[in-house]
Amino acid sequence: MRTLLLASLLLLSIASYAQLGIAPEAGIGASNMRFIPDNAYTTSAENSQLSWRFGAIIDAPFTSHTYFQTGLYYSRKGQNRNYSFHVSDSTNDHEDRTLTLNYIDMPLNIVFKTSEQGKGRLCIGAGAMLSYLVSGNVTGTSVGKYNDTAYSHTVSGPASDVLRKFDIGASFFGAYEFPTGLYVKAYYISGVKDLGVTTEVIKNRMWGIGVGYMFGKNRNVNKDKEGLIDKGE
């Protein structure tokens, strides 16, 4: 949390110096994973988990309609899953797992905005999301039989035991930015990197609705008058 606070203050300092926009933002939604279990398992099912994120972004104009956005989020992701195999009544296994994951995310997005600075406009963005797993837990149970011997045990441990820490995802969002600087956003992130450390395939997915407030909303008004910003194509 201290790292996130220091990074947010750094972004604010950069934005103030460079006359960029900066926006605190919070979002809530759901997360899941593309999950393919080990080949020994014959069935699997995945369920979404409540997710959220908060942080800040900076908004840098290339032209009056095209922007680059980056920043930092602290995000909660995860998944509820179960998987099993059944060789016979004497040899079978069923496992339930809950993954609760905490990430630091850095978006790198190109954004197109309709209309002009200081007016209401639609925004469409796409790019990459770089993520690092800072903490998390895996909990669950295993129930089954092996050669007619029944067993049941509970597992609990750090998520880094089953997941690689660094993640890369494709980021997409649509937003509406009001003349006041307030904006609402719908976002989706799809992991492109396999995070499984064994033969499992694991890729993060996250979607939700966010709100933020863009400080520096009128930062281009005087520059536009002076002709220092390209008015766009």
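**Aromatic pairs in the predicted model.** In this predicted model, the count of aromatic pairs comes to eight. One of them joins Tyr41 and Tyr83, whose ring centres are 4.8 Å apart and whose planes stand at 80°, so the pair is edge-to-face.

**Tyr41 and Tyr83 in their chain segments.** Tyr41 belongs to the loop between strand E1 (21-36) and strand E2 (43-47), while Tyr83 belongs to strand E4 (residues 66-88), so their pairing ties together parts that are 42 residues apart in sequence. Tyr41 has a relative accessible area of 18% and is therefore buried, since buried means under 20%. Tyr83 is also buried, with a relative accessible area of 5%. Both tyrosines belong to a cluster in which ring pairs link Phe35, Tyr41 and Tyr83.

**The Trp52 and Tyr74 pair.** The rings of Trp52 and Tyr74 form a tilted aromatic pair, with 6.0 Å from centre to centre and 35° between the planes. Trp52 lies in strand E3 (residues 49-61) and Tyr74 in strand E4, so this contact ties together parts that are 22 residues apart in sequence. Trp52 is partly exposed, at a relative accessible area of 27%, whereas Tyr74 is buried, at 14% relative accessibility.

The charged end of Lys77 sits over the ring of Tyr103, at 4.5 Å from the ring centre. At Phe173, the ring has the charged end of Lys185 over it, 4.3 Å from its centre.

Key: Residues are numbered from 1 along each chain as its sequence is written. This is a predicted model: local features need pLDDT of at least 70, side-chain atom pairs count only at pLDDT 80 or more; totals for chains, interfaces and linings use all residues. Side-chain values use heavy atoms; hydrogens and water are left out. Rings of Phe, Tyr and Trp (its six-membered ring) pair if their centres lie within 6.5 Å; planes under 30 degrees apart count as stacked, over 60 as edge-to-face and the rest as tilted. Helices (H or I, at least four residues) and strands (E, at least two) are DSSP runs, numbered from the N terminus. Buried means under 20% relative accessible area, exposed over 50%, partly exposed in between (1.4 Å probe, protein chains only). A charge sits over a ring if NZ of Lys or CZ of Arg is within 6 Å of the ring centre and within 35 degrees of the ring normal.
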